[in-house]
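Student: Can we go through this one together? I'd like to learn how the labels get decided.

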Protein chains: 4
Amino acid sequence: MTHDDILKAAGLTKDELSGGTLAVHSPIDGAEVARVHETDPADMPRVIAKAQEAFKAWRTVPAPRRGELVRLLGEELRAAKEELGAVVTLEAGKITSEGLGEVQEMIDICDFAVGLSRQIYGLTIASERPGHRMMETWHPLGPCAIITAFNFPVAVWCWNTALALVCGDPVIWKPSEKTPLTAIATMKIMDRALKRFGDAPEGLCQLVIGGPAIGEALVSSKDVPIVSATGSTRMGGIVGPKVSARWGRPILELGGNNAMIVAPSADLDMAVRAIVFSAVGTAGQRCTTLRRLIAHTSIKDDLVAKLTKAYASLPIGDPRKGTTLVGPLIDHASRDRMQAALEKAKSEGGTVHGGKVVAEGVPQGGAYVTPAIAEMPEQTDTVRTETFAPILYVMGYETLDEAIAIQNDVPQGLSSCIFTLNMREAEAFLSAAGSDCGIANVNIGPSGAEIGGAFGGEKETGGGRESGSDAWKGYMRRQTNTINYSAQLPLAQGVKFDF
Amino acid sequence: MTHDDILKAAGLTKDELSGGTLAVHSPIDGAEVARVHETDPADMPRVIAKAQEAFKAWRTVPAPRRGELVRLLGEELRAAKEELGAVVTLEAGKITSEGLGEVQEMIDICDFAVGLSRQIYGLTIASERPGHRMMETWHPLGPCAIITAFNFPVAVWCWNTALALVCGDPVIWKPSEKTPLTAIATMKIMDRALKRFGDAPEGLCQLVIGGPAIGEALVSSKDVPIVSATGSTRMGGIVGPKVSARWGRPILELGGNNAMIVAPSADLDMAVRAIVFSAVGTAGQRCTTLRRLIAHTSIKDDLVAKLTKAYASLPIGDPRKGTTLVGPLIDHASRDRMQAALEKAKSEGGTVHGGKVVAEGVPQGGAYVTPAIAEMPEQTDTVRTETFAPILYVMGYETLDEAIAIQNDVPQGLSSCIFTLNMREAEAFLSAAGSDCGIANVNIGPSGAEIGGAFGGEKETGGGRESGSDAWKGYMRRQTNTINYSAQLPLAQGVKFDF
Amino acid sequence: MTHDDILKAAGLTKDELSGGTLAVHSPIDGAEVARVHETDPADMPRVIAKAQEAFKAWRTVPAPRRGELVRLLGEELRAAKEELGAVVTLEAGKITSEGLGEVQEMIDICDFAVGLSRQIYGLTIASERPGHRMMETWHPLGPCAIITAFNFPVAVWCWNTALALVCGDPVIWKPSEKTPLTAIATMKIMDRALKRFGDAPEGLCQLVIGGPAIGEALVSSKDVPIVSATGSTRMGGIVGPKVSARWGRPILELGGNNAMIVAPSADLDMAVRAIVFSAVGTAGQRCTTLRRLIAHTSIKDDLVAKLTKAYASLPIGDPRKGTTLVGPLIDHASRDRMQAALEKAKSEGGTVHGGKVVAEGVPQGGAYVTPAIAEMPEQTDTVRTETFAPILYVMGYETLDEAIAIQNDVPQGLSSCIFTLNMREAEAFLSAAGSDCGIANVNIGPSGAEIGGAFGGEKETGGGRESGSDAWKGYMRRQTNTINYSAQLPLAQGVKFDF
Amino acid sequence: MTHDDILKAAGLTKDELSGGTLAVHSPIDGAEVARVHETDPADMPRVIAKAQEAFKAWRTVPAPRRGELVRLLGEELRAAKEELGAVVTLEAGKITSEGLGEVQEMIDICDFAVGLSRQIYGLTIASERPGHRMMETWHPLGPCAIITAFNFPVAVWCWNTALALVCGDPVIWKPSEKTPLTAIATMKIMDRALKRFGDAPEGLCQLVIGGPAIGEALVSSKDVPIVSATGSTRMGGIVGPKVSARWGRPILELGGNNAMIVAPSADLDMAVRAIVFSAVGTAGQRCTTLRRLIAHTSIKDDLVAKLTKAYASLPIGDPRKGTTLVGPLIDHASRDRMQAALEKAKSEGGTVHGGKVVAEGVPQGGAYVTPAIAEMPEQTDTVRTETFAPILYVMGYETLDEAIAIQNDVPQGLSSCIFTLNMREAEAFLSAAGSDCGIANVNIGPSGAEIGGAFGGEKETGGGRESGSDAWKGYMRRQTNTINYSAQLPLAQGVKFDF
């Protein structure tokens, strides 16, 4: 399908695609596919006020009813899966299967959130005082800003939105400037759900398009208590303290520098498959992309040989083709940063396989590369830095303790994994003295989390959690209640105060 | 008992009490009771390194064994309750019953934490992939700095320490410069527990004494992942963003501006008793002290009359005397701020009852006042500001919605309550559209939380939670694990990537 | 619609409706609407073996995938809501709105179960031994027999099925002999979901139709570990011990004798509306039907007067008509038992209002009655007995303690409620010394539970729990795991055993 | 110490030890050590009424205060550990370390229960109706009968009692007729705790001594809602249905037939140590004793050789001696049953090592045996039967599926384990298609559970759970509450009923 066909199928109108100030290019071929209208920063107070107004109404709508809106969203997403997935491919350059997978993730979280809407469990708690009752309840907190990155242009919005809506919070979405079309297409789906729902307050789900001024308005407003921001550590390092300083709550999903340890007992064939998907999938542009391979010296050479062979066989090119496994990088700047990183790695003693710019057999205008493997003599500064491209640094280790130390010795703390068939190694890796990441897997890559678990990482990854488990608590305020139904007034801790 | 007797009974040595640079005065009579040695800021890196070293060992000690240390601490606190309570009275000026109550709170949290040490429950979670297992585990996070305020000189340390120790984290305590003796006395008790325990790592529980430079060292060190700080909103507004900026985790317990709504159906006698304790207890220097009374106009005058009468009967004076209910303010500066606030309230149209400096019948040198009631025409700036002294601002209301709006219309969000016998009012107050505070009670005052619930507040109170419920999670890191024990490698969300 | 139209719309075929041995009559007019084929008791071993076979496969299907089947069931139920609701009306005599409400309840539990399918949370637990890990996981238990009663001919099946399927258990459904058509119609909907799902094992959801021999086969088979039985206390008193004796797990939902306490402060208009719905809805044939009214003497007469007036206005007749509020009893035997109970009540000193057989303005052949109010001098044997018909026994009380004692002084323990605006009374009713029922409400009737809570009751109600909260655990087995990944072998409790 | 010294040290008086009708023999030497007074069955109604009376008071005591009693019990147990452990050794024949370990287990559960006393968490739940609130609370259920067996004469009582007391339930203890002295000694410790506690209701903790008539009174009384019974499957098969039939709640901990699978990759030295402790500890008289060894054929012979060697080195004899590892069987009948089982095993083709009666070097009068290893050609009837003695049946396997099938193919379902270093095998064993037992371990024996997990088993083991996790729910009743604080009366599931 042509770009135009894809956008048309997703329901985008001429007016939405033209006449604006934000040029949108497809990474597939660098073509400008739209000029989108941006939100005027001066409008932001009005946007936020509308969200606050919606909040007043939405917070008292029973949660299971709020869940019904999310259920309808899930239905509409199921119906529009192909069309939306195609826009993801067009605008973010993801291969077709990954574009669809991203929509599936939206659907999954909707299902999860619907169930949650009849739970939102707080606690009843034993009180130490006769005739008293204690409980803990969770209440809506207020508008939630969702700042997303180009690499998951819709799933991250949906993770946040499905939970926020069920939790009683309106949302304001600021997508990446690189992927506004996916956002517009998603809002059309949301609007269909809202229409079927019937009586949701206006301003419940808003979209704002633009650059730093828009983001700044959300980050600095006291009326936006929650700011969920996905992106670079640099961005998060600014957003987090700013939101904290005005007593808001940041939910940060920032950079990862994800590693895999491959132990001597590992099923190497499985490891190879896992590595290739984790390191190369989404052209190395996932926050959970595998970037560091820590292989036992006894199998390292064999593993690298298998990998270089596998890498050589990967179909690179137009992500709209079903057979393609490696699509383009998001833009040429990204390609240049990758090349620079590889040069630096070499200067640090690294041996690089692949990592070449691809000019033939791919659409012209896109930034296509062969994924790179860089054998490193040690964990250098370059290895410690997240470069958002398909570079896999390989290092050796002798003891598991050493491997874990290498794994942990980076500023980021998102995802990690070990390949081993030895249960002692697997358990040690997951233990208190093991991986220091928010995600730690055994015999699967660091990438591709299920929505049932909490997603997020430690250290410079920002500490936020989204998706499953009790990540929903991040969207609510906790209230501790003590109810005295007696006619007495005993004090806690046996304090006496009689006058 | 004399000051010296009290300090001696608590085991403080001459060397600990003299020769230092930090002068400690008792608020009872202003007497200098010690000159305590301060920690050299240059030593802080060593202190922190010691905590990190202890962490390496402590995190792998099984949690129930860590709980054993906390159990022994509880035993030692039970044995030393009187002695430690007396130091609290001496140094913080709390009345005897409250001094003992504070130690009791330490004991309670120890009991709670011991039970917790066999739980620390994470989740096992259903995975969408065959031959896979998911779980979420909680691991120790690292050294925890505990910065405490003068008004709860020991309980807050123990809330944090009991949980942190069980969770596998060493602690570094920076007490208020006004209450180092209580801290030293507490460390002696902790040391006895450590000795009985046997093999805890050195540096597990450290005390640092001093001013801003000490605090700054803790706040800015990357090796102190958790900073639990109790104190003013001003302090928290600096600490929070600083800790966030270096990827640490702040747990903030800051100012409160706690209100009680008294409805027409309230049991007025109970309300009066609750108000007097909540507003006057600890001489109005609790973070949960009742500061605002929002009374229905139909009962407001009656209520104020009863209160002024009750206030007049309160024994003010030496807190060491068993009959005293109102002890001194922490210092003369505090008294002056109170006087200034009352003047400002008057200038805003308020009518003040009480609030006088007491010079007779009290120990000379202390800052004794009669607690104040200020009837206000509306919620003015002065009312919206937390003055750490026994001032109760009284306002009227007509409808419950109005009362809740007044209650919520302050920057702080710690504690709140309603007195009513009407279940609709009680429930509305606790609902999503009710109080916006972290604590909301019915028919008990805002003060005096049980340790079984999570303690803390919203907005400028800082958002932290300590003590019961799942507040322990604040001291740990969460890890989401997926374990593949099959020989297949399915991807989540049905993504295909076959090469 | 005629009976035939309704059955046709629900997809029942001629072959299903005729040629069998079980005559089905509509309570609307007593007409025989079908002769349904019964399951041969000799076939039961084969049925059970098929379920066991299905279990082997289904238990290893990932729970979220199992949830997908339940999600599809929910979709199909949404699509067939009207048609299935009409069969409920036809066969159970429920009014149209209640027929639809029952299908809605099926839909709700499907949504809930889908969310659950990504949870099924067990625990990870702190171990006392170094190098050890503990957890608790929940595994499928095996085939679940679901024995349902005529009054909720489909919702109860769905409560059990949605949870059982997600939990990994096949189901075998034995509906009431009075309502096989609703069951057949439901299975058609299930079959559509199964077909869309694709690869569910054969025998996952089976239907068996017939009498006691069929039930006995399920109750006594070791290969049916779970027997969920809804019906009379008499039935449950046989089933429970039998299932226990062969080490199975009974989930019993038996008789209720549900009461409402009306306090002096109650909103009487609300109380009247709640009472009428609770006592008269489903013609008094819900297990949660309000059967006992315990009214404060100060408002009792007023309340009875309002009720008798309201009762007089209730439209009685054909439940297919949208305006009808009281449909027929299930059969003439039921009507006779009602008459006998009223006679007995009179002989015990009761004054009866209503309770007459209705012959005019209603379809001939049905058992129509005016609902009855029986003012009783005390709680007699008749009051203590559940008569499955719209009889409301009214008694007076003076103190709340007395009212609670009356409420608790029956053998059943299902549902209960209080109407009061006094928070002390409301809380006392819900406290450890209050209602002894599994369900206790404030200001709503005992009937009409939401699916988010656990449903079931104490004492002769049988103790089972279904639907929300952690009722799903009843369908699974719990496994406690300790994993030693160290090379040491320490014993718990410090036991030494060195050889 | 002599028997008399031990009993005296534990505080037993002459009057308690003599003059009664129940002769108590020590298994050490068969000596009669006491003639204990039995409870008159005719007194049982009074005992039960007293418990019911205590319940009325105890249920309204705040749970943390109830926890204080358990905390004091823990303190007293710590103080009396040696003395009570010695009575366990004297009366049950356990070796010294195990006697002490049993008391430690009592202490551990007390610590756990104290923490629990500030939790007893129910849920607050999202309601589908505006102006409504849902929650689930847990209330005390009533007196709990605790029927214990000789092999854990005190720990099982304490598991039940610590939880029951915190949960608000009085307890009535019927110990084994073989171990009344341990029970009396324990009650003295409990009495000290009660005395320090101060105001517990009389009848909170009662002891009844005697035979079946006593047990029958507890099992059949409607006023004893909970019956926790530990013992044989035969006993449980009678108790369970009887309690169910009168609507009580049985908690059954019955027979086990616990297996270990030893995989080719197992650490054989660790396996040997685990096997010897699990199979021989407590002379094979634990419910979790290892009875079946399922060893891979590749290592089976080697393993048996190592085991027979290890068995040969075990010190058998007087359990009071610190060096003894194998004490006596409980009595001669037990020894005879062991001999009979070994004969039967031989007749089924088994080869038996050990299993001889020991006459020399052991106290005369006791039933001492060498523990037996029986290599079996297949899993015969004898293997499927639990013989309460140190017999270890050994079988071979080829594939893990086969091994799991053998493990599961017995009527009991208590404990199980696998020794393997292969993570796939370990996980498969713990999966839904793995062990069907309530306890499944990896690389530790089936015996020696920590109190933090729920303890109990499936199938003929009875299904009960005690100790950690949410086993406490077994001692309480669950109540689902919906509170309507609006002035509207919406019905669930959207049902309309307007008149």
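Predicted model: local features only at pLDDT ≥ 70, side-chain atom pairs only at ≥ 80, totals over all residues.

Student: How much area do chain A and chain B bury between them?

Tutor: About 7,400 Å², with 57% of it on carbon and sulfur atoms. On the chain A side, Trp247(A), Glu450(A) and Phe497(A) lose the most area to chain B, together 12% of what that side buries.

Student: What makes Glu458(A) and Arg249(B) a salt bridge?

Tutor: Their closest N and O atoms are 3.9 Å apart. The cut-off is 4 Å between a side-chain nitrogen of Lys or Arg and a carboxyl oxygen of Asp or Glu, so the pair qualifies. The rule finds 10 salt bridges across the interface of chain A and chain B.

Student: Now the rings. What describes a pair of aromatic rings?

Tutor: Two things: the distance of the centres and the angle of the planes. There are 20 aromatic pairs over all chains here.

Student: Why is the pair of Trp157(A) and Trp173(A) called stacked?

Tutor: The centres are 4.9 Å apart, and the planes are at 20°. Pairing needs centres within 6.5 Å and stacking needs planes under 30 degrees apart, so this pair counts as stacked. Trp157(A) lies in helix α7 (residues 155-167) and Trp173(A) in strand β6 (residues 171-174), so the pair ties together parts that are 16 residues apart in sequence. Both Trp157(A) and Trp173(A) are buried.

Student: And why are Phe150(C) and Phe388(C) edge-to-face?

Tutor: Their centres are 6.1 Å apart, within the 6.5 Å limit, and their planes are at 80°, which is over 60, so the pair is edge-to-face. It ties together parts of chain C that are 238 residues apart in sequence.

Student: How do you know whether Phe150(C) is buried or exposed?

Tutor: Its relative accessible area is 13%, and buried means under 20%, so Phe150(C) is buried. Phe388(C) is at 24%, between 20% and 50%, so it counts as partly exposed.

Student: Where does the charged end of Arg65(B) sit?

Tutor: Over the ring of Phe197(B), 3.8 Å from its centre. Likewise, the charged end of Arg59(B) sits over the ring of Phe55(B), 5.5 Å from its centre. The distance limit is 6 Å, so both values pass that part of the test.

Technical notes
Residues numbered from 1 in each chain as written. Chains lettered and ligands numbered in written order. Heavy atoms only, no water. Phe/Tyr/Trp six-rings, centres within 6.5 Å; stacked < 30°, edge-to-face > 60°. Helix = DSSP H or I, 4+ residues; strand = E, 2+ residues; numbered from the N terminus. Buried < 20%, exposed > 50% of the residue type's maximum accessible area, 1.4 Å probe, protein only. Lys NZ or Arg CZ within 6 Å of the ring centre and 35° of its normal. Buried area = accessible area lost by both parts, 1.4 Å probe.
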